[in-house]
Amino acid sequence: TSPSVIPSYIPSDVQSVISSGEPSNVPSTLPSSLPSTLSSITPSDVSSGIPSNGPSDIPSDASGDHPSALPSAIPSDLSSSIPSTSPSVIPSNIESGTPSNIPSDLPSNKSSDVPSLIPSIVPSSGPSDVLSLLPSDMPSDASSDHPSALPSTASSPNPEVVNLGTAGNFAILSKSGVTTTGLTSVTGDMGTSPIAGTALTGFGLVADSSNTFSTSNLVTGNIYAADYGSDTPAMLTVAVLDMQAAYVDAAGRPSPDHTELGAGSIEGLTLERGIYKWSTNVGFTDSVTFHGSPTDVWIMQTSGSLIVDSGARMILTGGAKAENIFWQIAGQTTLGTTSHVEGVFLCQTSITFQTGSSMNGAALAQTAVTIDSATIVKKSVCDADVGCEES
């Protein structure tokens, strides 16, 4: 209801609105310059607060009877006197549903059901798009709902080295002999047991006067066989047992980090430290890279054979060392012509070096080793208690 006494500071045209409910100065004809959508608004439209031909997307709470939409400039005693129904003249900021004095920097905790406050950068296509906006260095526990979409900072744990024991003394160690043709070069000791020295062929052996070892122009180191004198047979027996134990150790390492990688084809891959396991043959045609620090360790477990194509190469980067790459091979190992490999090769059967092939590491075979004009450089480490060193 209208107040009985209207304060004198209220403008006369507003006083007339309050006392009569209708303004005295509303023009009967709207100017022609107004937009057509406004010119066509009828009194009923105005009183209802929502023109019948107005925009369709007016918010549901924009009707003119909301006290919260009143201009802050109207005194509180006057505001309380305005009837609950909309007057025939509505200030523009009430009619639009958006008061002009609402600050633009509303707090971020505004009710989430206000659509206009949803940031425009949030995509509508789903959670995966939202996760793509997360920074790359966000910790892995930042979103438990979508762990698979978050970056992983954990690398494979570094395996313990395989203990070679006294087998680490040898560049080549076999149980069934070593045969070579052509201009082979071996840097490091070579041995065979339990077979006799007659199974060491092609080397032009020269027995030492002590009869405990022999030498060859093709070998920079000593050559041992089970039928040599003094303590040589016992030493070789221990070395062969250590070789077999190292094979079992490597084969039995649990929880591989990678299984059946490339279905056995590792061509072109860069392998970081860890345990790799295959139930098939493993091979590559051109190159494979081992990338890691000088202390990183690789254990390669395969139930099949290792086949390195002619001219293919193993490459070490980042400081990786051949002595820390352990190949456990249940089948045969075949190194194609002019190929190059890195690591300690623990082979349950034979190792074959084709013409011009090379190895940095060690060839430890439980049957025979066959060499054709190949180069083998020992890069292996014994158990610390034994005291042998890398050549």
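The model is predicted. The chain holds seven helices and 23 strands.

**The chain as a whole**
- Of the 391 residues in the chain, 37% count as buried.
- Among contacts between residues at least 6 apart in sequence, 50% join residues at least 24 apart.
- The chain exposes about 20,400 Å², and carbon and sulfur atoms supply 54% of that area.

- Strands of a sheet pair through backbone hydrogen bonds, in either a parallel or an antiparallel manner.
- Seven strands form an open sheet in the order S5-S2-S22-S20-S18-S15-S12, and their pairing is parallel.
- At the edges lie strand S5 (200-201) and strand S12 (282-284), each of which pairs on one side only.
- Threonine 352 stands opposite threonine 370 in S22.

**Helix H7**
- Helix H7 (residues 232-251) has 20 residues.
- From its first C-alpha to its last, H7 reaches 29 Å, which is close to the 28 Å expected at 1.5 Å a residue.
- The buried residues of H7 are Thr232, Leu236, Ala239, Val240, Met243, Ala246, Tyr247 and Ala250.
- Seen down the axis of H7, these buried residues fall within an arc of 120 degrees, so they line one face of the helix.

Notes
Residues are numbered from 1 along each chain as its sequence is written. This is a predicted model: local features need pLDDT of at least 70, side-chain atom pairs count only at pLDDT 80 or more; totals for chains, interfaces and linings use all residues. Side-chain values use heavy atoms; hydrogens and water are left out. Two strands pair if DSSP finds at least two bridges between them. Helices (H or I, at least four residues) and strands (E, at least two) are DSSP runs, numbered from the N terminus. The expected span of a helix is 1.5 Å times one less than its number of residues. Buried means under 20% relative accessible area, exposed over 50%, partly exposed in between (1.4 Å probe, protein chains only). The arc is that of the directions from the helix axis to the C-beta atoms. Contact means heavy atoms within 4.5 Å. Accessible areas come from the Shrake-Rupley method with a 1.4 Å probe; for residues, only the protein chains shown count as cover.
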